[in-house]
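Me: I have a model open and want to learn how to read it. Take me through the features one by one, please.

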Amino acid sequence: MATASPVPRHDCYQTAESVVVSVYVKNQAAERVHVALHGDELAVRTPDATCTVPLPVPVSDVRDVRVVPAKVEVTLSKRSAGSASAAAQEAAPRRASKWDRLDVDEDAPPAGSGDAELQAFFQKLYADADPDTRRAMVKSFQESGGTALSTNWAEVGRQTVPVQAPQGMEVRQYEQ
């Protein structure tokens, strides 16, 4: 009595126009690989194995079959936008969500955020500071590796400012 061959590992992903199915069977001869569409499933048959893969979306036809040493890759065309399935999806009522009520200009950054605003803040802070505050800012920033910024020269001037990693991070020393 012959034993059934194991179902090979497979995966599937999709792009805007196609669905790509990979069946992981090694070293197959291209002329001995057979691919067939059966409704919403793809059947891939080789001398070593048979695999049936359920498809995530409706497809119209097999566009390409590539047989490479590690797998068989099948590219399928999705049904066109004019098909009955796509028309039914577009006609289905869409539920309103809380995101529909937001009035946001997507191109505008939130007020008070971004590198430009942050840079402008530090430039103003440095420009309006007295010489001791400026020295404290430069020394603390350089010695801490950019992890601390102090304006107190009395504190910074008498000791080295340690590197302070953010919570959940660790400090690493790199050779240059």
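Predicted model: local features only at pLDDT ≥ 70, side-chain atom pairs only at ≥ 80, totals over all residues.

Me: Where is S150, and is S150 buried or exposed?

Reply: Buried means under 20% relative accessible area, exposed over 50%, and partly exposed in between (1.4 Å probe, protein chains only). S150 sits in the loop between α3 and α4. Its relative accessible area is 17%, so S150 is buried.

Me: Which backbone atom does the side chain of S150 reach?

Reply: Look for polar contacts. A polar contact is a pair of N or O atoms within 3.5 Å; within protein, one must be able to donate a hydrogen and the other to accept it, and residues adjacent in sequence count only if both atoms are side-chain atoms. The S150 side chain reaches the backbone nitrogen of N152 at 3.1 Å.

Me: How many helices and strands does the chain have?

Reply: Helices (H or I, at least four residues) and strands (E, at least two) are DSSP runs, numbered from the N terminus. The protein chain has four helices and seven strands. Their order along the sequence is β-β-β-β-β-β-β-α-α-α-α.

Me: What share of the chain is buried?

Reply: Of the 176 residues in the protein chain, 22% are buried. For accessible areas, the method is Shrake-Rupley with a 1.4 Å probe; for residues, only the protein chains shown count as cover. The chain's accessible surface is about 13,400 Å², and 51% of this belongs to carbon and sulfur atoms.

Me: Now a helix. How far apart are the end C-alpha atoms of α3?

Reply: The expected span of a helix is 1.5 Å times one less than its number of residues. Helix α3 covers residues 131-143, which is 13 residues, so it should span 18 Å; its end C-alpha atoms are 18 Å apart, which agrees.

Me: Which residues of α3 are buried, and what do they pack against?

Reply: First the general idea. An α-helix has 3.6 residues a turn, so residues three or four places apart point the same way. In α3 the buried residues are T133, A136, M137, K139 and S140. They pack against α2 (115-127) and α4 (153-156).

Me: What happens at the ends of α3?

Reply: At the N-terminal end, D130 is the cap: a side-chain oxygen lies 3.0 Å from the backbone nitrogen of D132. After α3 comes G145, with a positive phi near 70°.

Me: What does T147 touch beyond its sequence neighbours?

Reply: Not counting residues up to four places away in sequence, T147 touches P162, V163 and Q164. T147 is in the loop between α3 and α4, and is partly exposed at 33%. Its side chain has a polar atom 2.8 Å from the backbone oxygen of S144. A polar atom of that side chain also lies 3.0 Å from the backbone nitrogen of Q164. T147 and P162 are 15 residues apart along the chain, with their C-alpha atoms separated by 8.8 Å.

Me: And a strand residue: where is S22, and is S22 buried or exposed?

Reply: S22 belongs to strand β2 (residues 18-23). S22 is buried, at 2% relative accessible area. Leaving aside neighbours within four places in sequence, S22 contacts R9, H10, D11, K71, V72 and E73.

Me: Where is P6, and how far is P6 from T50?

Reply: P6 is in the segment before β1 (10-14), and is exposed at 66%. P6 and T50 are 44 residues apart in sequence and 8.3 Å apart in space, C-alpha to C-alpha.

Key: Residues numbered from 1 in each chain as written. Heavy atoms only, no water. Contact = heavy atoms within 4.5 Å.
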